[in-house]
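Trainee: I would like to learn how to read ring contacts in a model. Please take me through an example.

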Amino acid sequence: MLGRRASASLMRREDRSAARLLPTIAMTLVALTGCSTGSVNTVTPPASPRAPATAAAPPAAPRAGACYDLDVSAALRPTTAAPAVDCARRHTAVTVSVGTIDPLLDGHLVAIDSTRIQEQIARTCRQRVASYIGGSVETQRLSRLQAIWFSPSLAEADRGALWFRCDLVISASSSQFAPLPARTRGLLSRPGALNRYGTCGTTAPATSGFMLVTCSSPHRWRAQATIALPANARYLAPKVSQLASARCRAVEARVAPNALHLQWTFAWPTTAQWTEGQRYGLCWTPSRGTS
């Protein structure tokens, strides 16, 4: 799943005055003047009652089931103004869930773009998207289906918007999303789902020309399994790498047509994934058609 948009922000002061949240109203005093013999009189009309100021209504929350045509750069931002599109037409994202943000932390109001709030949204959206697409945990980890999420802008939050939105996308490559099918619920519960939406590579990992693609695209290597890593392991520790590689070799021995000619590669998670808590890597083997 995509892990992004953890930009830190200072807490908003809870003693922030209501006057700063409301529009400023300018009052203009009008004077009428008239001339008479030798004197000037100023007439001031009686003051009219001042209408109470009202805050603008918060913008409407997104709708679950809405579709969007987003690119990868849009997914990396915490907010989006992209309009919804007809789900019957090409689209790359669908909103699978809409929730409500609790902006209070220990009785203090926290900025909606704070690290704490964004981490809570990220955890919730990953869980909700995982439940929506179905399949086992292993299938989900091996797929190119990912969760992305959005929250209101600071200006919208000031007007009372407290929603967050969880979207489903398919990473066709590192630079673009694939069009979504018409029906996405339970996508990974369908037979042969990984043959279409699994994680594959144009060549062996860590070699020239390697790119991540969906397994429905031309490819030569495939992420065959995940290998668990110790929770307290040091990142890229040699001994851990050796044990993981041995387990990956065992996976290749089960699927290879020739036990005397085995090829495999174990790949650690990226530094960003490791920092976010991912404690498994991918076992790569040459692609041999469907499996």
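**Aromatic contacts**

Mentor: The structure holds five aromatic pairs. Rings of Phe, Tyr and Trp (its six-membered ring) pair if their centres lie within 6.5 Å; planes under 30 degrees apart count as stacked, over 60 as edge-to-face and the rest as tilted. Phenylalanine 266 and tryptophan 268 make an edge-to-face pair, with 6.2 Å centre to centre and 70 degrees between the planes. This is a predicted model, where local features need pLDDT of at least 70 and side-chain atom pairs count only at pLDDT 80 or more, while totals for chains, interfaces and linings use all residues. Residues are numbered from 1 along each chain as its sequence is written, and side-chain values use heavy atoms, with hydrogens and water left out.

Trainee: How is the pair of tryptophan 268 and tryptophan 274 classed, and why?

Mentor: Their ring centres are 5.5 Å apart and their planes stand at 55 degrees, so the pair is tilted. Tyr235, Phe266, Trp268 and Trp274 form one aromatic cluster.

Trainee: Are phenylalanine 266 and tryptophan 268 buried or exposed?

Mentor: Buried means under 20% relative accessible area, exposed over 50%, partly exposed in between (1.4 Å probe, protein chains only). Phenylalanine 266 and tryptophan 268 are both buried, and tryptophan 274 is buried too. Of the 291 residues of the protein, 38% count as buried.

Trainee: Which charged end sits over the ring of tryptophan 274?

Mentor: A charge sits over a ring if NZ of Lys or CZ of Arg is within 6 Å of the ring centre and within 35 degrees of the ring normal. Over tryptophan 274 it is the charged end of arginine 279, 3.6 Å from the ring centre. Arginine 165 lies over the face of tyrosine 68, at 3.8 Å from the ring centre.
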